[in-house]
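Subject: Structure handover

Hi,

Here is the structure I promised to pass on.

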Amino acid sequence: MSQIFKLYRLQQIDSQLDQARSRLSELVRLLENDSDLRQAQENFDRQEKVVRDLEKQLRLLEHNVEQQTSKIQECETELYSGRIKNPKRLKELEDEVKALKRHLQLLEERQLESMLTLEEETQVLHDFQHHLNSIKQNVYQRNSRYLGEKTELEKEIQRLENERALAVSSLASEFYARYLAIREAKKGIAVCRVQDRSCTACGTTLTGGLIQESRLPDRLTYCPSCGRILYGG
Ligand SMILES: [Zn+2]
C-alpha cells in the first residue's frame, strides 16, 4: 500500500471521526439541556408559588372572618343580655355591632374574591402540570432514542480510533506530521481526491502534470490553490 493511499485512508477515518464526535457532543448537549422542558418546569414552579401564596392569603382571610364573627357574637350576647340598662351604652354597643358587621361584610367579600382567584390560578396550575407531564414524556422518549444513538456512536468512535491507530502505525512519520499540520490549518481536510481534473476540496482545475504527479505512490503533491495533499487514486 502506498504512503499516499494510507494518508488518504487516514483522512477518511479522521473525517468519519470528526463527524461522529461532533454528533456525540450535540447529543450530550441535547440530553443535558432541553429548553422546552426547562421552560415548562419554570412555568409550573412559578405558578405553584402563586397558588401557594393565594392559599396562605385565603387562610388568613378565613381566620379574620372567624375572629370578626366571634367578636360580633360577643357584642350581641352582651347587647341582648339585659344586663345593660344605660341607653347611651346600649346605643354605643348597637353602633359597634353595626360597624363590626360592616367590616365583616368587607372581609367576606375579600374572602370570596380570594377564593375565586385561587380557583382560577389553580386551574392554570393544573394546565401547566398537564403540559409539563406531556413534555416530560416526549423528552424521555426522545432521550431514550438519543441515548441509543449515543451508545452506537461511542462504539463507532472506538472502532474508528482502533482503525486510525493501525493506519498511523504504518505511515512514515514525516508524512504523518505533514498531514497533521495541514489538517489543523485546513478545517480538518488535509488530503483530497482528484476528480474531473480538479481538487475536490477547493474546486481548482489542475494541470495534467500535477494530476500525473498526484498518482505517484510515495510523494506528496499539493493543490496549488488550497495547499492540500492531492490523491490521484
Ligand atoms: Zn485545492
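Let me start with a question: is Tyr 8 buried or exposed? Tyr 8 is buried, at a relative accessible area of 13% (buried means under 20%, exposed over 50%, and partly exposed in between, with a 1.4 Å probe and protein chains only).

Some ground rules before the rest. This is a predicted model, in which local features need pLDDT of at least 70 and side-chain atom pairs count only at pLDDT 80 or more, while totals for chains, interfaces and linings use all residues. Residues are numbered from 1 along each chain as its sequence is written, and side-chain values use heavy atoms, with hydrogens and water left out.

Now the aromatic rings. The whole structure has 3 aromatic pairs (rings of Phe, Tyr and Trp, the last by its six-membered ring, with centres within 6.5 Å; planes under 30 degrees apart are stacked, over 60 edge-to-face, and the rest tilted). One of them joins Phe 5 and Tyr 231 in a tilted arrangement, 6.0 Å centre to centre with 55° between the planes. Because Phe 5 sits in helix H1 (residues 3-32) and Tyr 231 in strand S3 (residues 229-231), this pair ties together parts 226 residues apart in sequence (helices, H or I of at least four residues, and strands, E of at least two, are DSSP runs numbered from the N terminus). Phe 5 is partly exposed at 28%, whereas Tyr 231 is buried at 10%. Tyr 8 and Tyr 231 form a stacked pair, 4.4 Å centre to centre and 20° between the planes.

Beyond its neighbours within four places in sequence, Leu 220 is in contact (heavy atoms within 4.5 Å) with Ile 4, Leu 7, Phe 175, Arg 178 and Ile 229.

Finally, the cysteines. Cys 199 is buried at 1%, and Cys 226 is buried at 9%. The whole structure has 0 disulfides (pairs of cysteine sulfur atoms within 2.5 Å).

Best wishes
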